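Student: I have a structure open and would like to talk it through. Can we start with the charged pairs?

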Amino acid sequence: AHCTLGLALLQKQELDEGVNELQKALDLGRGVNPKGYMIDEIWQELAKAKYLQWEHASSKRSWELHSLKYVIPVRSFSDEAIISHMKQLEVLSLVFKEAGEADIPGEVHDYLCCKITLDILRDPVITPSGVTYERTVILQHLQKVGKFDPVTREPLDHSQLVPNLAIKEAVQAYLDGHGWAYNTN
Amino acid sequence: MVSGSALSAAAKQAEQLRKDGNIYFKKDRFGAAIDAYTEAITLCPNVPVYWTNRALCHRRRNDWLKVEEDCRRAIQLDYSSVKAHYMLGLALLQKQELDEGVKELQKALDLGRGANPKGYMVDEIWQELAKAKYMLWEHASSKRSWELQSLKEACETALREKHFLDDSQPEGFLDEAGISHMKQLEVLRQVFRKAGEADIPCEVPDYLCCKITLDIFCDPVITPSGVTYERAVILDHLQKVGKFDPITREPLDQSQLVPNLAIKEAVQAYLDKHGWAYKLD
């Protein structure tokens, strides 16, 4: 029910409310059956919605930054400035780059990604060798390829997989700060 | 050409001298210890331990130049000597050669961890390394703050001058950007704030800290319940308090602890960006 409501709200461009409903649906669904087919669908819709939210906010931020950057008349810098003019321009450029950094799609840190698919983790699990994978992906590997850790090749059974809660938190914190990473292409 | 038996006699004597030196060292008689090690070195100059032992004495006397000399020699003889790299690192830091010193300390830490992750030395080396990295950050960060501040002031001045000129235009029209002057100054402030953010101490994210001590992780391990702790701390808990997970209370044995490699990487990335977090209270 939350899922349907969420999607309807998104249709109406009520992004924030829509995202809230979808998140509720996802949490409820995961509580009942983490591997259910609906979970994947809900996640996809949620990710798309969160990406839209980010896109909106980020365009606004980029535009503000961009217009400000070119408005500051560079030649007005006084000679008393202790660092040289060229250096000032360099630092200024870095400053604007840093300010806009969170909004520029780049590479997600290795440790936030599955070692098999290289996609950002959603439901990370860790093996006794200490390697972290996406749960569904490693389960599939164990079923179809063999009962061993893909990276270390040590014997591995699905009962040995442990949820890497700390990394899950880390991924969420990253997505909160870098909305472009919701783009699951 | 020295005969075989003469060689082993010298080696035996040198070993005895080393033992003597160790006894003097334990009694804080560093001068006597140095003499003993020096004799041992004269007899057998290619034994790395004699050089590092002597370096230890020099360190206790704060004779850093000699510490550096002896350590370099020890490293030439044995590149994997943890003590040699460690003390060389400390000596370089004394000379304010921060970058080189940090490199040596890092080398010592890596070698030490490889040999014995729970050894007392590893903890000491880590403490010194963290101190040094904090100093490095402090230097770099002061410089950055100052640069940012002067640049920010220059930009604000330039903007105000421009606004003044714009405002004195006959029609008082807005500049091409279309956003108000006040808003521009606000965005400028935000820009500079963001640029300096990484250097402002704040709270380290929860998921990078031990659930027991609340300190940033050094060597994180995860339990079958999915909770991550500092290795030394959870081992201590299992030994002294009981064989269960402190948070979930599920039964737990030390053999079930798994190194959380991903979190370890995350911690390093965080420290690289936020050097202030090296400060250990």
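**Charged pairs and a sheet**

Tutor: Lys103(B) forms a salt bridge with Glu100(B), and their closest N and O atoms are 3.3 Å apart. A salt bridge here is a side-chain nitrogen of Lys or Arg within 4 Å of a carboxyl oxygen of Asp or Glu. This is a predicted model, where local features need pLDDT of at least 70, side-chain atom pairs count only at pLDDT 80 or more, and totals for chains, interfaces and linings use all residues. Residues are numbered from 1 along each chain as its sequence is written, chains are lettered from A and ligands numbered from 1 in the order in which they are written, and side-chain values use heavy atoms, leaving out hydrogens and water.

Student: Where do Lys103(B) and Glu100(B) lie?

Tutor: Both are in helix 6 (residues 98–115) of chain B, three residues apart, which is about one turn of the helix. Helices (H or I, at least four residues) and strands (E, at least two) are DSSP runs, numbered from the N terminus.

Student: Is Lys103(B) buried or exposed?

Tutor: Lys103(B) is exposed, with a relative accessible area of 54%, while Glu100(B) is partly exposed at 36%. Buried means under 20% relative accessible area, exposed over 50%, and partly exposed in between (1.4 Å probe, protein chains only).

Student: How many salt bridges are there over all chains?

Tutor: A search of the whole structure finds 22. In one of them, Asp123(A) pairs with Arg135(A), the closest N and O atoms being 2.9 Å apart. Asp123(A) lies in the loop between helix 4 (85–100) and strand 1 of chain A and Arg135(A) lies in helix 5 of chain A, so the pair ties together parts twelve residues apart in sequence.

Student: And is Asp123(A) buried or exposed?

Tutor: Asp123(A) is buried, with a relative accessible area of 15%. Asp123(A) also forms a salt bridge with Lys168(A), at 4.0 Å between the closest N and O atoms.

Student: New topic. What is the strand order in the open sheet of chain A?

Tutor: The order is 2-1-3, three strands with antiparallel pairing. Strand 2 (132–134) and strand 3 (162–163) of chain A stand at the edges with a single partner strand each, so one side of each has no neighbour in the sheet. Two strands pair if DSSP finds at least two bridges between them.

Student: How many bridges join strand 1 to strand 2 of chain A?

Tutor: Three bridges join strand 1 (residues 124–126) of chain A to strand 2 of chain A. Ile126(A) stands opposite Thr132(A) in strand 2 of chain A.
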